[in-house]
Amino acid sequence: MFMRIDHVGIACHDLEEKIAFFERTFELTVVAREVNEEQGVKEAMLHIADGEGGGSYIQLLEPLGPDTPVGKFLAKRGEGVHHVAFGVPDVTRALQEIGGKGVRLLDEKPRHGSMGSSIAFLHPKDVGGMLTELVQAPEQRA
Ligand code: CMX
Ligand code: CO
């Protein structure tokens, strides 16, 4: 079902400061910056490697406000790993299969994600405390 780890999402207060840290410390490069109003975030993708079915990235996330998923997370837990995203060939199909196994879906249907991808989230309480994202890259076909 999972082809790779697409990205690890990291919540931060100051996106520009964290981008500078990751570039300087790990020699990573920002390949995309986006404001995603629907998810309530300003974000940057830093490229790590390319693999079968797509690349892998670090996703830095700054909330657009306190009453957003990442805003609430920061207030409660502070900066750190917010979610892990797995690459799947078909996110709609993966949602059906995973939902059928009793895991709560935060998205019944895919939403718009970074760089033209389709994404959906699974409830962290049903996945061992890990907020889990499914990602279908734009070039992937069922
Ligand atoms: N990782 C692990 N556990 C988490 C979590 C996270 N990121 N966010 C919340 N939780 C836990 C909380 O600790 C809480 O547990 P307790 O009841 O034991 O305290 C429980 O889940 C409920 O959390 P909450 O603080 O009451 O927050 P909400 O219910 O309002 O929302 C969640 C939680 C996961 C449903 C919501 O954040 C969500 O829908 N997330 C998906 C969308 C998202 O995160 N988008 C931003 C990223 C966009 C992108 O990657 O492109
Ligand atoms: Co993500």
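Start by selecting Leu 122: leaving out residues up to four places away in sequence, it touches Ile 98, Val 103, Leu 105, Leu 106, Val 127 and Thr 132. Touching, or being in contact, is judged on C-beta atoms placed from the backbone, which must lie within 7 Å.

Before going on, a word on what you have open. This is a predicted model, in which local features need pLDDT of at least 70 and side-chain atom pairs count only at pLDDT 80 or more, while totals for chains, interfaces and linings use all residues. Residues are numbered from 1 along each chain as its sequence is written, and chains are lettered from A and ligands numbered from 1 in the order in which they are written.

**Stop 1**

Buried means 20 or more other C-beta atoms within 10 Å of a residue's own, exposed means 12 or fewer, and partly exposed is in between, with C-beta atoms placed from the backbone.

**Stop 2**

Switch to cartoon view and look for an open sheet of eight strands, ordered β2-β3-β4-β1-β5-β8-β7-β6, with mixed pairing. At the edges stand β2 (29–36) and β6 (111–112), each with a single partner strand, so one side of each has no neighbour in the sheet. Two strands count as paired if DSSP finds at least two bridges between them. Strands of a sheet pair through backbone hydrogen bonds, either parallel or antiparallel.

- β1 (residues 4–11) and β5 are antiparallel over seven bridges; pick Arg 4 and its bridge partner in β5, Gly 87.
- β1 and β4 are parallel over five bridges; pick His 7, with Tyr 57 of β4 opposite.
- β5 and β8 are parallel over four bridges; pick Val 84, with Thr 132 of β8 opposite.
- β7 and β8 run antiparallel, joined by five bridges; pick Ser 118 with its partner Gln 136, then Phe 121 with Glu 133 opposite.

Stay on β8 for a moment. Five of its five residues are buried, so β8 is largely enclosed by the rest of the structure. Show the side chains: Thr 132, Leu 134 and Gln 136 point one way, and Glu 133 and Val 135 the other. In a regular strand the side chains alternate between the two faces of the sheet.

Now hop to Ile 48, in strand β3 (residues 41–51). Is Ile 48 buried or partly exposed? Partly exposed, because Ile 48 has 16 C-beta neighbours inside 10 Å. Leaving aside neighbours within four places in sequence, Ile 48 is in contact with Leu 28, Ser 56, Tyr 57 and Ile 58.

**Stop 1: the ligand**

Select ligand 1 and the 22 residues that surround it; the closest are Gln 39, Pro 69, Phe 121, Pro 124 and Leu 131. A residue belongs here if its C-beta atom, placed from the backbone, lies within 6 Å of the molecule. The elements giving two or more residues to this shell are β4 (54–63), α2 (69–77) and β5 (80–87), and α2 gives the most, with five.

**Stop 2: two loop residues**

Most residues other than glycine have a negative phi, and most peptide bonds are trans. Glu 27, in the loop between α1 (15–26) and β2, has a positive phi near 55°. With 8 C-beta neighbours inside 10 Å, Glu 27 counts as exposed. Then go to Met 115, in the loop between β6 and β7, where phi is positive too, at about 55°. Met 115 has 14 C-beta neighbours inside 10 Å, so this residue counts as partly exposed.

Notes: Two residues are in contact if their C-beta atoms, placed from the backbone, lie within 7 Å.
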